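Visitor: I would like to learn how to read salt bridges in a protein model. Where should I start?

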Amino acid sequence: MTYDDQRFFKAVRRDPFPGRLTAGQVSGMAALVAGWRALGDADDPRRLAYCLATAFHETGGRMQPVRETFAPSDAAAIARLERAYASGLLPQVRRPYWRLDADGKSWFGRGLVQITHRRNYEKLAEATGVDLVGEPGRAMELDVAVRILVIGMRDGLFSGMRLADAFDGRQADWTGARRIVNGRDRAALVAGYGRAFLAALG
């Protein structure tokens, strides 16, 4: 896969970004491209583009690892989730997964793609070789977050659906690809981001 970084950043600055890029956005995208080259399962720019689109959506365009609710600290994330739960804004939640467990750890969402619940941290720890159970906060490290996103989407560890199920030699299911991470939530929106990143990749 050919990749001209100057052309790429010039293109994404216009779409999907609103005309400018921060240093954090540039470094995040560069890390993800490098991660895909090292860990991706095919020389397929559509799969990389959808990884970039997922990170763009899940981080609110920051392209850096974030905590659930975009909180500045673990304590703030827990407090925000607790308030939302108490207000009835999280009806899908049966067990508040963000509450500290017996070891004082919280399993709220972290990273470039939000992994929640201890069982998912355990699954991604095994797949990446990073001790996310002993230190769940490591999902906030950019290189670790890239490994989680690329390996998780490559191998279908988030939902059972893999990048290869949406993008192969015969098809490109940009809308259905959202099921790799989060059902049909904002599927058309993320598909649009994916097409923009693909155009930028050239």
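Guide: Start with the count: this predicted model holds 15 salt bridges.

Visitor: What is the distance between N and O where the side chains of R99 and E82 meet?

Guide: A pair counts as a salt bridge when a side-chain nitrogen of Lys or Arg is within 4 Å of a carboxyl oxygen of Asp or Glu. For R99 and E82 the N to O distance is 2.6 Å.

Visitor: Which parts of the chain does that pair tie together?

Guide: E82 belongs to helix α4 (74-86), while R99 sits in the loop between α4 and β2 (110-111), so the bridge ties together parts that are 17 residues apart in sequence.

Visitor: Where do R118 and E122 lie?

Guide: Both are in helix α5 (residues 118-128), 4 residues apart, which is about one turn of the helix. R118 is partly exposed at 33% relative accessibility, and E122 is partly exposed at 36%.

Visitor: Which residue does D74 meet in a salt bridge?

Guide: D74 meets R67, at 2.8 Å from N to O. D74 is partly exposed, with a relative accessible area of 32%.

Key. Residues numbered from 1 in each chain as written. Predicted model: local features only at pLDDT ≥ 70, side-chain atom pairs only at ≥ 80, totals over all residues. Heavy atoms only, no water. Buried < 20%, exposed > 50% of the residue type's maximum accessible area, 1.4 Å probe, protein only. Helix = DSSP H or I, 4+ residues; strand = E, 2+ residues; numbered from the N terminus.
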